[in-house]
Amino acid sequence: ADLPARPVRLHASVGVCARARGMVCGDSYAIVPLPGERMLLLLCDGMGTGGAAQVQSERTVRLITRLMRAGMDALGAIDTANTLLMWQDGETFSTLDLAVVDLCGGWAELYKLAAPPSLHLRADAVAEISSAGLPIGVLDGSHPRAVRIALRRGDMLFMASDGVMDACPAPELSALLRAHARESARSACAAVLRAPKHPKDDMTAILVKLT
């Protein structure tokens, strides 16, 4: 998916790929344009696998997406969704990996609850972005810490579920992403998901290329 380059300073190409361990993938994601030349990237992994995990992750993605489309900021949407999920019948837990990318301002803010690290790749370096926390829907008043990073042309931001991050060490991921992103962001995500021959969990990868 390509976002229009004007009047923003950066242009984003986004690729996504998912691979289920069984018949149904328990990961859910959303990529949503927001006002002010911003974009929302959201990835949730439901507890367990299969249909039950999919219901949990889809519910979380749907709630937060609706709240942020309505104008709520990321922390407000996470807090509201957390409260609503706690009142749902049965257990509704999932990891939360959320990024707001500002193409005009040249920055991204990342929010994580029980999610694996993300990778910020530059031409000469790669940084892992991580944060602790319980899954969303577990504890009332759970607030993730916002991590802000500066973005520039040529950068890549990679988010993935733990099925990907547990299967591939960061150096291997970085090499795969750099090699295949020359073709497209989606090609790079597909290469990452092909790497593990026998995945132990559902796998979802999201890559943002900035030009």
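Student: What should be kept in mind about the model before its terms are applied?

Tutor: The model is predicted, and local features need pLDDT of at least 70, side-chain atom pairs count only at pLDDT 80 or more, while totals for chains, interfaces and linings use all residues. Residues are numbered from 1 along each chain as its sequence is written, and side-chain values use heavy atoms, with hydrogens and water left out.

Student: Why is V32 called buried?

Tutor: Buried means under 20% relative accessible area, exposed means over 50%, and partly exposed lies in between, with a 1.4 Å probe and protein chains only. V32 has a relative accessible area of 4%, so V32 is buried. This residue lies in strand β2 (residues 27-34), where strands (E, at least two residues) and helices (H or I, at least four) are DSSP runs numbered from the N terminus. With contact taken as heavy atoms within 4.5 Å, and leaving aside neighbours within four places in sequence, V32 touches R38, M39, L40, T65 and R69.

Student: What makes strand β4 largely enclosed by the rest of the structure?

Tutor: In β4 (residues 96-102), 7 of the 7 residues are buried, so the strand is largely enclosed by the rest of the structure. L96, L98, V100 and D102 point one way and D97, A99 and V101 the other way, and all are buried.

Student: How do you know that β4 pairs with β5?

Tutor: Two strands pair if DSSP finds at least two bridges between them, and β4 and β5 (residues 107-113) have 7 bridges in the antiparallel sense. V100, for example, has E109 in β5 as its bridge partner. Strand β3 (residues 38-45) also runs antiparallel to β4, joined by 6 bridges, with L43 standing opposite D97. In the hairpin of β4 and β5, which has 4 residues between the strands, G106 takes a positive phi near 75°.

Student: What makes the contact between R148 and E109 a salt bridge?

Tutor: A salt bridge is a side-chain nitrogen of Lys or Arg within 4 Å of a carboxyl oxygen of Asp or Glu; the closest N and O atoms of R148 and E109 are 3.0 Å apart, and the pair counts as one. It links distant parts of the chain, R148 in strand β8 (residues 147-150) and E109 in β5, 39 residues apart. E109 itself, at 18% relative accessibility, counts as buried.

Student: Why is R148 also said to lie over the face of W107?

Tutor: A charge sits over a ring if NZ of Lys or CZ of Arg is within 6 Å of the ring centre and within 35 degrees of the ring normal. R148 lies over the face of W107 at 3.9 Å from the ring centre.

Student: What makes R122, R152 and D155 one network?

Tutor: D155 forms a salt bridge with R122, the closest N and O atoms being 2.9 Å apart, and another with R152, where the closest N and O atoms are 4.0 Å apart. Salt bridges that share partners join R122, R152 and D155 into one network. D155 is buried at a relative accessible area of 1%, whereas R152, at 44% relative accessibility, counts as partly exposed.

Student: How do you know that the buried residues of helix α4 line one face?

Tutor: The buried residues of α4 (residues 170-180) are A170, L173, S174, L176 and L177. Seen down the helix axis, they fall within an arc of 165°, so they line one face of α4; the arc is that of the directions from the helix axis to the C-beta atoms.
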